[in-house]
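Reader: I am new to this structure. Please take me through one part of it closely, then show me what lies around it.

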There are 4 protein chains.
Amino acid sequence: MKLWGGRFEKQTAKDVEVFSSSLEIDSRMWAQDLKASIAHARMLGRQKIITAAESEKIVSGLLEIGEEMSGELLLGQIIFASESEDLHSEIEIRLFKKIGDPAKKLHTARSRNDQVATDTRMYLLDQISLLNQDLLDLKATLFRQAQNHIETILPGMTHLQHAQPISLAHHLLAYFWMFDRDQERLSESVKRISSLPLGSAALAGTGFPIDRTQVQIELGFAKVSENSLDAVSDRDFVIEFLSHGSLIMTHLSRLSEELILWSTPEFGFIELGDEVTTGSSIMPQKKNPDVAELIRGRVGRVYGALMGSLTMMKGLPLSYNRDMQEDKVHLFSGIETVRPCLQLMTLMLEKCQWNSDRMKESLKKDFSNATDLADDLVEKGLSFREAHEIVGRLVQTCLEMRKGLEDLTLKELRSAHILFNEVSLAKIPHHQVMRARSSQGGTSPEAVMVQLKLAEHNIEKSKKSAGTTLAEN
Amino acid sequence: MKLWGGRFEKQTAKDVEVFSSSLEIDSRMWAQDLKASIAHARMLGRQKIITAAESEKIVSGLLEIGEEMSGELLLGQIIFASESEDLHSEIEIRLFKKIGDPAKKLHTARSRNDQVATDTRMYLLDQISLLNQDLLDLKATLFRQAQNHIETILPGMTHLQHAQPISLAHHLLAYFWMFDRDQERLSESVKRISSLPLGSAALAGTGFPIDRTQVQIELGFAKVSENSLDAVSDRDFVIEFLSHGSLIMTHLSRLSEELILWSTPEFGFIELGDEVTTGSSIMPQKKNPDVAELIRGRVGRVYGALMGSLTMMKGLPLSYNRDMQEDKVHLFSGIETVRPCLQLMTLMLEKCQWNSDRMKESLKKDFSNATDLADDLVEKGLSFREAHEIVGRLVQTCLEMRKGLEDLTLKELRSAHILFNEVSLAKIPHHQVMRARSSQGGTSPEAVMVQLKLAEHNIEKSKKSAGTTLAEN
Amino acid sequence: MKLWGGRFEKQTAKDVEVFSSSLEIDSRMWAQDLKASIAHARMLGRQKIITAAESEKIVSGLLEIGEEMSGELLLGQIIFASESEDLHSEIEIRLFKKIGDPAKKLHTARSRNDQVATDTRMYLLDQISLLNQDLLDLKATLFRQAQNHIETILPGMTHLQHAQPISLAHHLLAYFWMFDRDQERLSESVKRISSLPLGSAALAGTGFPIDRTQVQIELGFAKVSENSLDAVSDRDFVIEFLSHGSLIMTHLSRLSEELILWSTPEFGFIELGDEVTTGSSIMPQKKNPDVAELIRGRVGRVYGALMGSLTMMKGLPLSYNRDMQEDKVHLFSGIETVRPCLQLMTLMLEKCQWNSDRMKESLKKDFSNATDLADDLVEKGLSFREAHEIVGRLVQTCLEMRKGLEDLTLKELRSAHILFNEVSLAKIPHHQVMRARSSQGGTSPEAVMVQLKLAEHNIEKSKKSAGTTLAEN
Amino acid sequence: MKLWGGRFEKQTAKDVEVFSSSLEIDSRMWAQDLKASIAHARMLGRQKIITAAESEKIVSGLLEIGEEMSGELLLGQIIFASESEDLHSEIEIRLFKKIGDPAKKLHTARSRNDQVATDTRMYLLDQISLLNQDLLDLKATLFRQAQNHIETILPGMTHLQHAQPISLAHHLLAYFWMFDRDQERLSESVKRISSLPLGSAALAGTGFPIDRTQVQIELGFAKVSENSLDAVSDRDFVIEFLSHGSLIMTHLSRLSEELILWSTPEFGFIELGDEVTTGSSIMPQKKNPDVAELIRGRVGRVYGALMGSLTMMKGLPLSYNRDMQEDKVHLFSGIETVRPCLQLMTLMLEKCQWNSDRMKESLKKDFSNATDLADDLVEKGLSFREAHEIVGRLVQTCLEMRKGLEDLTLKELRSAHILFNEVSLAKIPHHQVMRARSSQGGTSPEAVMVQLKLAEHNIEKSKKSAGTTLAEN
């Protein structure tokens, strides 16, 4: 009982049906499909394209199907008729069983091309709302941890070498702003996703006197699409989402890398919770940062989905081509990877213990206070280049003596340069070095407190807009 | 004369210098680097970190260097001293030769980490302004061509099979909206690029009493970065640009594919200009759509650059790592691929001739008017499913008779279904089919004219905002 | 009942278990896991690491489990205990239920690291045997079709422009050699996959007096791995397979593109079977080349899996990291995309009808015979450059007269150049042009017949080696 | 003076020439192009397609051009005539200047399609010989370092957690085998690259009585291509090379990651040489592992080139399309990234100092000897599961007491399980743990010595086959 059998003499080969089936993938969108069909049926009735009675029958049939499917899901999964070639034919079959002939009129003035595009956009909008919440949760956790660690000092790294001492709060907030940009990018993409394709029919629009704006408003879309050819063959929003998802994963992979590194006995900056680590079946002592590793490893899924969807679209002529059915494989793989990774990162941060003693310990003799000695000479009139050279040689001497700069006496210091004095000495302690970096966005406790205010404000704003978005869609 | 020799005993190996040199790549950003250094030097003077006299000397020295480099470029290329390890040391060497000791003070309160990040952002902002203009030019060309082809009819395709007749204007406008989304995405990214890292120093901020807001305003950035660690190690903006660039290339590849297809003798819908095609060294008759092919092939460069930059960032701990030097290889490859492709596509469209006769001819006996016969039965009370079945069988019959639907007599029509009548006959001609699709965003001439109005308005708005952006940066 | 609970105080969070579970993925490898465990248990017994009785119990227990799982699969799917965290713990749980304490000894002298690596390699070797057969089937189909179309003439294309007339057999055989290279690459990779990691234990080998060679021989591996650290963390073979799979998909995408193109009414070179095409729910006339489109679209899955697995491995320190669990997601996605695509391509070619009339028709006035006129002048002493110029102008003249070269009279021909004569005229007909290209690997019927011999020989060889491989593994 | 002007009325636009120029890229292949042209000209003479005198003139002209170009290169770069659109027209222009009319005959019976494909294959074969040597050098360096560190003990890691103590030699040899697989893959690809396309002409072969086998033998190719359509449009070998290059880079990125990690003060396992590290312009103490970071970062270039070339080929119909010109951009980017990265890695390893004291130190209290205690219980009759549980709890107790297992008294040990005894105690020391793992491919000194023998044998074999390959090509 194909929806399109008329001009065919032979049956589709069984292998082809299996090969081209989208049922397993598409079934995620059952709720969106029903919602969109209801809006469509109401509009058809209002526009007198079908009768008011037909419209009502269809709507109530669809509502019933929604309840049925909900129920089936609760028990495990939606049960599809064997003859259903996709989600849409399944719904049509059920509707026909319920209300008979009027069911066939639901397909008036639309095609699967605009219908699937509509469903996918609705589904993604819903998922972005949830993802937004995941990002907000992670940001809030980073913020809370940062609040507790303004004065916690650790070596700031460049090239994974000790560079200058920094505040742990400052380090955590670096990630806060990364995830904030992720949120910003997702929100901006919403307006492009929220363009309604329904009413574009197969590719060229329709002759039925439909009213697309009615449907747009009922479904909460921001606008109707401008061009029917574009509407049925545009997959930009899928690729754009996967680009944003790839950046989220990039950020998560960087944080994961640090958690893994900091969990080594060599670093020992952090102890991950038993809840989020696992052991080894062979080595009884092991406590492995599996979750962080899995997050880092799953970056590959999202990069792969991005590359896959770009490849799919390369060189496709207008308008709809069946290749585009693949969009959902990549989109769902992206969504279903990114969201749990965000949630588990939040859990991992909540369950970890920061070893501030080890962090502090690791600063000893690390020369991450060298820049401040050079700056001291600059303030006393040397050029930075000269000061750098002098302190560089002093570091060399210390290395030979197995001393840190903080272990030098004033006399030793002055033998490196005569301008060094008590003031210079006072600048050497690591906490003083951290305190000194008070420029806007710097690591000193005051600067970090300003930054925390910004972050707090940002969270408040995000919370509000998250609320709004959920209401709107 | 390394900027960092102090603690080293042995020279860097020659191979390492070649391997790690960024000169060839970075030199593109000379103008941005000078501009940022001037703003920095002025601020240092105003904040009394260096004296007013020193500040003035530095500024005028940098201005001179700017003129020198401009001059060298006009003659071919900037000439670098052999000891320069990157653009920044080249400028410092020149400055020292000009003004002596004060040159060494330019490096106060900044490092190469925040400096390079600043240069790159400034460079990209400038390029996006230009790219915006390229996109606008292409959109304007599509718009003008569309204006001339509202009534030009051709087969609209799905699955590369004739689906329904459409207007050539409608087809061209589909691309208009794709490139419009590209423009929209780029504009939105501007605010994230326009975040000033300067003042973050190496990673942790600085103790010098700098004023980052002064520099931000002078350089026209939208804000200063919130966190110094993030500021020196954030490459989101590079990846985000390459994502947007990949979508632009995707759109160009689709249009290129169609131009190539339409240039075949089998289609013959278009004749590309001699200016944008080439011949064969062996086959005298050849006229090849090389430009379209090269654009399609160059998609690979931008997808590759995107994947390359994502790979580079995967799993990097905070803050700056030398891996990040690679960002510019990918960024510049992206910019330098996308812009010429846009420009050449515009040229190609300007130089082509549309063969409307061939387009019309190709509609004969193509059954792209079948949907309307089915719709006709629907209006007469049949369900769409039944109507579809009946017309499907009629198509089958026509195929056997080697006739098109437009060749059927009323009698033949009525033998398929008794409800067919004169009204049905009137719906069959292809131009009538096109005319009928008058829903919002559809292909009928009136609907297309509404769409053209939207496009015109959009171009006006783009022009204005392009102007603004150029002024702002 | 974790396999590793000893040093942990708190339970793993439920979310973490879901997040890190590999059960759904790994369960594909149940048969390989059992087979490897049996070989391991036998060796442990023979080496007296466990008693002969224990060894026998384990082996017969595992054989029973194999029958159970086979049976469950026949009824739908293997039923896992809720406490199983992966395939291996499931099997251990079942084994314990069957044979009690000795079950616990199966894990002696191995870890999940070497065990999973072994299973994956065995699974892939099995799949490559099957894939090899898929490739052979496709090659055989191309060969058979080529045999029937040695004299079928069609326009050979460069730049998708008519270049020179070619034999359809020649065109089909081009794909034959592509898929042959694919087969060659896969066979060569076998020896690298066929390196046994079992016995590497967690990472460093084991102190138990195991005999790895016994296991290698029983399992049919080509060698044992040389280094235990490498053995547990090597995923080259996954990436190498996905590289080869990507090339297979590239080739399939090219062939699909041509089938789609040739199915357009404009080309009309081919009619795809009803069995492998589908219609439209809205347009009754449509017959869409869905299978070819889906194959082309699914290229993205395999490119994505390749990129995903490369990303996963980037920058991972030795030895095993949990990131590597992701290898199977990408590997299985690759296998399960490539194999059906090959099978469906074979089906599609078997069910298609070649329209040789349309092919021949399309050569008229296409100037793909121009090179031969130029060659004619070369034989008469002109340089190729001059000849090319003269024929180029002649083509231009014909275009104005709306004639083909084949429509010219001798007089018209001689007005282009005096050296043209009857001999020249005889070279113009398209079938003559095709016949003339008799160089090795060329398109003339004789050359193609030589090529068919090579292909036939190649198939014979492939069949034999396919047989061997199946027996070996 | 285009090679194909005849049928064109208008000039190619200047922008198009710039856009489509391949000169900068292709000029790398000048030597290969000349060599192939010489072989072609000789064959044309021998086959009497041109006269012996013409053939000789062409050959000696080309030889002269070779000397000229060599000379120009020595002085900086080859100087191209402004009218040259690619390398091949440049050579033709020079040849014409030297020998006049016969120059025009060089193009007989070939086209740019088969010519460029031939050049590229020859160039790649040459580069693979060199790359093979680079790999061999790196392997030899790893081997030599391993020879010196058989007894050097360090923590072997899984999940970047201490797992079991291993020999540094064993760790280094893990990389040896990775690079050995890389070499193996490259050698196997040679036979596919070494298939001569020349003689395929534009796409269909030629009517001139050429002898392709003569040319094949003179150029040292392994065979002639079987099918002309395939020969001019096959880019498998480019993609295959980039796949292999991506794996090389993956391996280099893993080793780089470890060198970076081991250079941190927290690990301190290695001290990189001054020659291969750089400092900071702002932080006088810094010594950064730049080379390792750059190698790790450049992985992105090769992954990107692979993705770019796959994208380029997706969905291209037969035969040659201009998109394929892009192959060389990706290929050369791959070659020119991989080779220096291999060379610099070799240099870095040669210039590093291994801190065996720090490695040994880091094993203290790390519990990487826990497995052996568990194994001890297994030997005494417990199941591995039970033993694992007991030792897991013992580790927990030690952690609370801040002791290592090696710090336990026999009494303390026996309180964990009564079966522990003196024998157990003797198994605890880390060097004993390492020594115990004597299974084939394990980390015990004897097993490593066996492995070193294999490696030595492998190097000998590689040296011989490298010699052969160089001679052959």
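Which side chains meet in a salt bridge at 2.9 Å, N to O, in chain C?

Author: The model is a predicted one. The side chains in question belong to C:Arg437 and C:Asp372, which meet in a salt bridge at 2.9 Å, N to O. This pair links distant parts of the chain, 65 residues apart. C:Arg437 sits in the loop between helix H18 (430-436) and helix H19 (445-472) of chain C. C:Asp372 belongs to helix H14 (residues 370-379) of chain C. Take the arginine: C:Arg437 counts as buried because its relative accessible area is 2%, under the 20% cut-off. C:Asp372, at 7%, is buried too.

Compare a pair in another chain. D:Glu389 forms a salt bridge with D:Arg393, with the closest N and O atoms 3.0 Å apart. Both lie in helix H15 (residues 384-401) of chain D. They are four residues apart, about one turn of the helix. D:Glu389 is partly exposed, with a relative accessible area of 32%. D:Arg393 is partly exposed as well, at 44%.

A:Glu271 lies in strand S5 (residues 270-271) of chain A, and A:Lys287 in the loop between S5 and helix H11 (290-313), so the pair ties together parts 16 residues apart in sequence. A:Glu271 is partly exposed at 35%. A:Lys287 is buried, at 13% relative accessibility. Over all chains, a search of the whole structure finds 180 salt bridges.

Salt bridges also cross between chains. The interface of chain C and chain D has 16 of them. In one, C:Arg181 pairs with D:Asp230, the closest N and O atoms being 2.8 Å apart. Helix H7 (residues 168-193) of chain C gives the most to the side that touches chain D, with 13 residues. That side divides into 38 nonpolar, 39 polar and 31 charged residues. Polar contacts join 53 residue pairs between chain C and chain D, both residues at pLDDT 80 or more.

Now the whole interface. In contact are 108 residues of chain C and 108 residues of chain D. The two chains bury about 9000 Å² between them, 56% of it on carbon and sulfur atoms. In chain C, the residues that lose the most area to chain D are C:Arg254, C:Leu318 and C:Arg385, together 9% of what that side buries.

Last, the symmetry. A rotation of 180° with 0.0 Å of shift along its axis superposes chain C on chain D, with an RMSD of 0.0 Å. That is the relation of a two-fold axis. In chain C, the C-alpha nearest the axis is that of C:Ser243, 3.1 Å from it.

Key: Residues are numbered from 1 along each chain as its sequence is written. Chains are lettered from A and ligands numbered from 1 in the order in which they are written. This is a predicted model: local features need pLDDT of at least 70, side-chain atom pairs count only at pLDDT 80 or more; totals for chains, interfaces and linings use all residues. Side-chain values use heavy atoms; hydrogens and water are left out. Copies are superposed by least squares on the C-alpha atoms of residues with pLDDT of at least 70 in both. Contact means heavy atoms within 4.5 Å. Buried area is the accessible area (1.4 Å probe) that two parts lose on being put together, summed over both. A salt bridge is a side-chain nitrogen of Lys or Arg within 4 Å of a carboxyl oxygen of Asp or Glu. A polar contact is a pair of N or O atoms within 3.5 Å; within protein, one must be able to donate a hydrogen and the other to accept it, and residues adjacent in sequence count only if both atoms are side-chain atoms. Helices (H or I, at least four residues) and strands (E, at least two) are DSSP runs, numbered from the N terminus. Ala, Val, Leu, Ile, Met, Phe, Trp, Tyr, Cys and Pro count as nonpolar, Asp, Glu, Lys and Arg as charged, and the others, Gly among them, as polar. Buried means under 20% relative accessible area, exposed over 50%, partly exposed in between (1.4 Å probe, protein chains only).
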